[in-house]
Amino acid sequence: MAALALVLAPLLLLLAIPAAAPARATLPAAAVGPTAGTLGCRLYFNDAGTGSSPTVWQDTFTLTQSPAAPKVGDTVTVTLTAKTGPDNGPVGLNAGDVPVNVTLALGGSLSGSATLRMSSYPARAVAPEAPLGPITATGTYFASAAGAATLTVGRVTFTNASATTHCSAAGDRDHKAAPAPTSIVESFTVGGTGTATPPPSPSASATPSPSAKPSSSAKPSLSLPPSATDDPPTATDEVDTPAQPFGPKSVKLNCKTLSSLSSWTATHTLSMSPSNPGRGAKVTVRLKFSAGPKSGPVPVGAGDLVPKATVKVGGVGSGTVNLQGPAYGAIDANAVLPGATLTGTYTTSQAGLVSLTVTNIVFDHPQVDTECNAGADPVTGPAATSIVAKFTVKSRAATGDEGEGGGGGNGDGGGNGDGSLPNTGEGGVTALLLLWSSAVLLLGVGLVVVLPRRRGIPRS
């Protein structure tokens with residue numbers, strides 16, 4: 001997956017306290033915000049390591065709870081909202097790709113933590129570099145003791161399958177292992193007297209307070225629990241984890257041949273087999289698209305055009321997989337190129353989540369190639385496409401069946417299975433034929449134009 005770009009600025013505490021109140025009166029809790037704030041964030045591939053690509057997330061935040069004036073024994077619902085959400089990275093996302101978890105520290109008369117969740121985020125498909133959209137994360141905690149208390153947002157986690165982003169107070173640090181409490185703090189009073197024992201079956205969306213602190217004047221505990229995804233799978237009999245193939249979905253790419261730019265829209269599907277292999281398995285990757293671009297005014301001979309693609313392996317894997325489809329047959333002038341299925345293989349290594357991202361699609365011709373990706377200029381400024389699939393490698397070793405296969409790629413070690421992939425693509429066909437036809441018109445019938453083949457550099 002791509003990397004998310006995130007931000008949060010100082011927050012204003014709004015605390016409504018009556019001028020005078022009886023000794024045992026319950027003081028209302030005012031919501032925090034809406035107010036602007038800033039968080040610092042880092043990207044963690046497969047939620048591992050100390051993070052990279054530091055970013056900030058600026059937004060308008062609101063923290064509320066219901067009931068606003070809880071009493072001892074209440075189960076309180078807490079909601080954190082963000083107005084626009086962080087900006088997406090350079091790769092598009094599908095709806096629900098990035099669930100949100102918010103860790104709250106309970107302080108004052110309360111102790112422990114609570115987790116707020118938004119299980120399906122974003123609400124819609126989001127293009128690269130676009131805002132992901134509003135966030136509404138909810139959870140509960142148990143009001144175990146009377147007295148002055150606080151809720152502090154400690155960490156916000158965006159749990160993409162292949163690249164998790166952790167955010168906490170502004171500044172660059174390891175936001176997963178060493179989060180700093182944010183300035184989003186709600187102060188309130190828990191009414192009633194004494195302490196209460198949490199119910200035997202607390203809400204699954206919260207971590208209840210195990211016990212009340214002896215004094216309401218004690219300093220709040222802002223320690224945060226470790227991420228639920230910190231530990232890699234170790235069992236030898238894990239259940240199958242559903243894979244997340246891409247598509248079929250319409251995708252628009254930019255293409256370039258020589259100096260000619262064009263666009264190409266087709267329905268793409270990216271899948272893998274087996275979809276839940278063990279370590280050391282040979283995985284076949286398939287990319288299928290519904291149709292190619294339109295050919296130019298000159299026919300293309302049978303076998304002269306071969307579709308190829310480069311797939312980047314991410315998450316616990318690394319390297320690239322080279323895909324190739326069968327050569328096209330003869331193509332008439334001004335005809336739409338047929339669809340194609342490209343395949344390649346690579347061998348898994350570590351257990352965990354793996355992402356597959358199509359970074360380049362090529363239409364390889366003996367004279368000149370065309371290269372297609374998401375870059376505005378696919379050659380001088382290439383960018384990975386939004387065609388991303390994900391699957392999970394089990395801890396167990398690959399079975400005999402998973403070790404079989406063949407194909408044209410090599411992942412996890414960074415190699416290319418079938419040699420360098422030329423930097424070319426679909427638009428090259430049209431531009432090449434236009435170039436040929438222009439030469440014929442200018443120089444006369446019977447002229448044979450031979451162009452030196454452009455040698456490309458593989459893109460990861």
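Tutor: A disulfide here is a pair of cysteine sulfur atoms within 2.5 Å. By that cut-off the structure holds two disulfides. Some ground rules first. The model is predicted, so local features need pLDDT of at least 70 and side-chain atom pairs count only at pLDDT 80 or more, while totals for chains, interfaces and linings use all residues. Residues are numbered from 1 along each chain as its sequence is written, and side-chain values use heavy atoms, with hydrogens and water left out.

Take the link between Cys 41 and Cys 167. Its S to S distance is 2.2 Å. The angle about the S-S bond is 110 degrees, and the link is right-handed. Strands are DSSP runs of E, at least two residues long, and helices are runs of H or I with at least four; both are numbered from the N terminus. Cys 41 and Cys 167 are both buried. Buried means under 20% relative accessible area, exposed means over 50%, and partly exposed lies in between, with a 1.4 Å probe and protein chains only.

Now the other disulfide. Cys 255 and Cys 372 bring their sulfur atoms to 2.1 Å. This link is right-handed too, with 110 degrees about the S-S bond. Cys 255 belongs to strand S10 and Cys 372 to strand S17, so the pair joins parts that are 117 residues apart in sequence. Cys 255 counts as buried because its relative accessible area is 0%. Cys 372 is buried as well, because its value is 0%. Count the bonded cysteines along the chain and the pattern reads 1-2, 3-4.

Next, the charged pairs. A salt bridge puts a side-chain nitrogen of Lys or Arg within 4 Å of a carboxyl oxygen of Asp or Glu. The structure holds five of them.

One also involves strand S10. Asp 377 and Lys 256 meet at 2.9 Å, N to O. Lys 256 lies in S10 (residues 246-257) and Asp 377 in the loop between S17 (370-373) and S18, so the bridge ties together parts 121 residues apart in sequence. Asp 377 and Lys 256 are both buried.

Lys 390 and Asp 97 make another salt bridge, at 4.0 Å, N to O. Lys 390 lies in strand S18 (residues 388-393), and Asp 97 in the loop between strands S3 (75-82) and S4; 293 residues separate them. Lys 390 is buried because its relative accessible area is 6%. Asp 97 is buried because its value is 15%.

A further bridge joins Arg 396 to Glu 402, with the closest N and O atoms 3.0 Å apart. Glu 402 counts as buried because its relative accessibility is 10%.

Strand S4 (residues 100-108) pairs with S5 in the antiparallel sense over six bridges. Strands pair if DSSP finds at least two bridges between them. Asn 101 has Arg 117 as its bridge partner in S5. Four residues lie between the strands of this hairpin, where Gly 112 takes a positive phi near 100 degrees. S5 (residues 113-118) is mostly covered, with five of its six residues buried.
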